Structure formats: C-alpha cells, structure tokens
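Please look through the sequence and the coordinates before reading on.

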Amino acid sequence: MTNNYVYAVARIRVREKTLLTDADISQMAGMASADAVLDYLISRGWGSAESGRDPDAILQAEETKNMALMEELGVDKKVFDIFDIPRRYHNVKAAIKEVLTSDTHDRIFYDIPDFGRREVLAIFSEKHFDALPEAMRAPAEQAFEYMVSTRDGQMCDTILDRACLVAMTDAAKKAASPVIQDYIRSTVATADIRIAVRAAKIGKPLGFLNAALAPSEAFPVHDLAQEAAKGTEALYPYLQEHGFADAVEALKVSPSSFERWCDNCQIEAIKPQKTNPFTSGPIVAFYLARENEIKTVRIILTAKANGFSEDAIRERVREMYV
Amino acid sequence: MSTGMVLALIGAALSTILAGIGSAWGVGMAGQAAAGVTAEKPDLFAKVLILQLLPGTQGIYGLLVTFITLSRIGVLGGTAVTDTNTGLMYLFACLPIAICGLISAYHQARTSVASIGVVAKDPDQFGKAMLFPAMVETYAILALLVSILAVTNI
C-alpha cells in the first residue's frame, strides 16, 4: 500500500523545517566559541531538561529524540537495524583489542542493548563466537585469530571494516526501502574509494587492497584495487572515468575536503526523498538527515573546543539535507 | 420490473457507488496527510482541511447524477422504463461520472497529499498548492456534464 506512510510523511514534512540548514551550520562555524554554539543549539530546542549544557548529553538527547520520533510514527525498528551494523562491528573491534591488550576502554563502546561492552567482551574473553550473529561470526573469529598471532591492529580493523560493508550491502538488498538501498550503495562506494585513496597514498600492496575493499555496484573493486596499488596517479584517472571526478577534485584540495565529499555523497543519495510523499523514504531520509546533523554539530563543537579556525571547520562540515 | 428498469437502476446506483468509493478513498488518504500536518502544526488546520475536501466532490457529482436519473425513470418522478434499449441508455449515460469519478478522486487525492506537503513546508504557498489538485477536478466536471446531458436527453 502506497498510502501507509501518508500521515507519517506529512508530519515529517513539518519537522523538516526544524532541521539545520547550510546557513545555520555556517553561522555556527563562525561563532566565537563552543559555548556560543551550545547557546544557539539550546535556543533551537536541542537537548533535554537533564542534558543541561553538557555537549555529549545534548547530542545524546537529540539521538534519543530522533529514534523516539521514528517509534512514534510507527516505523518498524527493524528498518533502522541496518544503521546499527557499523556500531556493532565497532564494538567487536574494541572488544578484540581490549581482550588482547588488557587495557580498559569502556568509553569507546557504543551502548547497544544486548551487544554492549559487557556482552561483547564476554564473547571474546570466552572465545564463544557462536554467540555472535551468523554473518559476523567468521570475520570476527578471523580478525581475532589474526590479532592473536600478529598483533596487527590495522589488519584486524580492515577485516572487520570490510565485513561491516558486506553486511550492510546484504542488509540493504533485503530492505524494502529504496532510499536505504541508495544510501548503502553510496556508503559502500565512498568507503571503498576512501580505502583505495589512503592505500594508494601510503603504497599498500594489491593483496591488502583486495582484502580491504568490499564489493560495490559502482565499480569492479578488483580494478579499483589494481589501480590503487599502482599509486594515486593511476587511481585518480580511474575514479574520473567511473563518475567520481568530484572526489578527485576534493582530494586535490585537501584530505578533509575529500572526507566532506564522502559524507556529502550520502546526503545526495537521500535528497530525492524531499519530494516523495507516499513511501517510507522521506521518514528514513529524515532519520539519516538528523544523524548527519548531529554528527556535523559534534564536529563543530569538537573543533571549537580545540581552537580550530573558522576556515578549517568549514572545510570539515557536511552538507545539510534541507 | 422490466430489464430496462433494472439496467437504469444499475446505472443510477453505479454513479453513486463508484464515485462515492473514489471520494471516500481520496478524502481518507488526504485526511491522513492533513492529520499529520495538524498534529505538528495545528494552525494549518483550515488550509489542509480544504485540500482534504477536494477529492470529496466526485461523490457529490455521482449523487447528483443518481438523483437526476431516479427522477426520470419513475422512481422519484418521470416515467418508468419499459424497454431494454432505454435502460441500457441510462446505464451508459451514468458510466462517465461513475468511472471518471472513481479514478479522478484517487488521483486528486494523491495530488492533494503532495500539496499538503507543500503547505506543511511553506503555508504561504497554499494558493498555488491548491491549484494542483483543482486541475484534476476539471475531468470530473467534464464527466459530470456528459452524464447530465446524456441522462436528461434520453
């Protein structure tokens, strides 16, 4: 039924007016201090009664509000499970390192019900890999064994990052929402480009690239790996040929400009939902737009707290949905 | 009752039933969107209510054709239909508003929903937003005219 989401989408249309615009972000980037940014956010209704002026608490409150709205609109929570996949793989990476180094890093774990620090640490401490979701089991075990034998944290991360991208692609194929499929397609393509560029710059071998790049619909990853293994001179023309000339332009400006381009690609993937009134697409797009907004505000607050210049902040902040 | 009378009554019934189904469907769909906007912004109630009501006209047009038909075939007035050919003529005369009412109400509702989205984003665009679903109305009115002309000239 195409009109199942008519009510929810109409509510989202009104809510879209409350999203931060590029002008708002620009205004915040130009503010004198993190305190001024906090004042501005609080005046826009950010945070909750409990969050006070604590930046982390304010951002956490906004994430909670975002998910609460989705629940209120009756959107099946399973729709958003796909966006939890990177957080789950992050917890696995953190747990492997904590188990094998005996260092405690409780603040770096995402608080995920049934998959938080305590649960994931228990799995890896006892090598109880069967307790992991099926798709995660093999790469997690491989990463763990690799870390045990080599103590190579980078390769451990690479195995899990690739597995995460594959898991997201598989989940997107099963998702009914085209907006999720477009978003994940863009996420995987930009992640592969990001890996290829970094590997090309530091001269990583072809074997590493083949192990790190996840299958993408945007280009044959084996070709991308081969070009990246030759270096940036070979990689840039390849990207231009496959419709990623903007990525090359951004790379020529600066690394942070390239990171910004990667994030903006994902926002571009969801922007068509601004004119779609009948499916769950605009609701999912709003959720992602809010997540993007929160991430951008986090970048600004962190940059302000660390004394970054206005130009440096502008180079890092992402494009907004509205 | 003659076969002709049965056919004429089927025509009269279809014009109300099909156009009414279209309008109920349309007003319901647009109503969901209107309720969504009102939940977030109650001051837009009057504007979105107008947009919700636009797909409701087809049901009224169907009712009008049913009344005219009944008043000519001996139910509310006029003379009873005795032959099959005349009955068939009444049936076919009622079909334009019956079918066009059903389909145009559905499409008008979809346009109304989209226009409600425009008003939700910018209430000042109400005038322009209302024109889009109003355009669909043109074809329901054409069907109404054809049905009235046909029924009244049998």
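Which residue with a positive phi follows α6(A)? That residue is Lys127(A), with a phi near 50 degrees. The model is a predicted one.

## Helix α6 of chain A

Helix α6 of chain A covers residues 117-125, and its buried residues are Arg117(A), Val120(A), Ile123(A) and Phe124(A). Because these residues cover an arc of only 135 degrees around the axis, they lie on the same side of α6(A). An α-helix has 3.6 residues a turn, so residues three or four places apart point the same way.

Arg118(A) and Ser125(A), on the other side of α6(A), are exposed. The cover over the buried residues of α6(A) includes α5 (85-101) and α7 (134-150) of chain A.

## Chain B overall

Chain B contains five helices and zero strands, in the order α-α-α-α-α from the N terminus. Its C-alpha trace spans about 60 × 20 × 20 Å along the principal axes.

Chain B has 154 residues, of which 51% are buried. Taking the contacts in chain B between residues at least 6 apart in sequence, 83% join residues at least 24 apart.

## Packing of α3 and α5 in chain B

Helix α3 (residues 57-70) and helix α5 (residues 126-152) of chain B have axes that come within 10 Å and cross at roughly 0 degrees. An angle under 35 degrees counts as roughly parallel, so α3(B) is roughly parallel to α5(B).

On the α3(B) side, the contact is made by Thr57(B), Gln58(B), Tyr61(B), Val65(B), Ile68(B) and Thr69(B). They meet Glu137(B), Ala140(B), Leu144(B), Ser147(B), Ile148(B), Val151(B) and Thr152(B) in α5(B). The residues of this contact comprise seven nonpolar, five polar and one charged.

## Nonpolar cores

The largest nonpolar core has 118 residues, and those touching the most other members are Ala196(A), Tyr90(B), Cys94(B) and Ile116(B). Helix α4 (residues 84-121) of chain B gives the largest share of this core, 15 residues.

Leaving aside residues up to four places away in sequence, Ala196(A) touches Leu209(A), Leu213(A), Leu224(A), Ala228(A) and Leu235(A). Another core, of 15 residues, lies apart from the largest one and has Leu38(A), Ile294(A), Ile313(A) and Val317(A) among its members.

## Contact between the chains

Chain A has 12 residues in contact with 15 residues of chain B. On the side of chain A that touches chain B, six residues are nonpolar, one is polar and five are charged.

Technical notes: Residues numbered from 1 in each chain as written. Chains lettered and ligands numbered in written order. Predicted model: local features only at pLDDT ≥ 70, side-chain atom pairs only at ≥ 80, totals over all residues. Axes fitted to C-alpha atoms, helices over the stretch in contact; angles between N-to-C directions. Helix = DSSP H or I, 4+ residues; strand = E, 2+ residues; numbered from the N terminus. Parallel < 35°, antiparallel > 145°, perpendicular 65-115°, else oblique. Contact = placed C-beta atoms within 7 Å. Nonpolar A, V, L, I, M, F, W, Y, C, P; charged D, E, K, R; others polar. Buried ≥ 20, exposed ≤ 12 C-beta atoms within 10 Å, placed from the backbone. Core = buried A, V, L, I, M, F, W, Y, C linked by C-beta atoms within 7 Å. Arc of directions from axis to C-beta.
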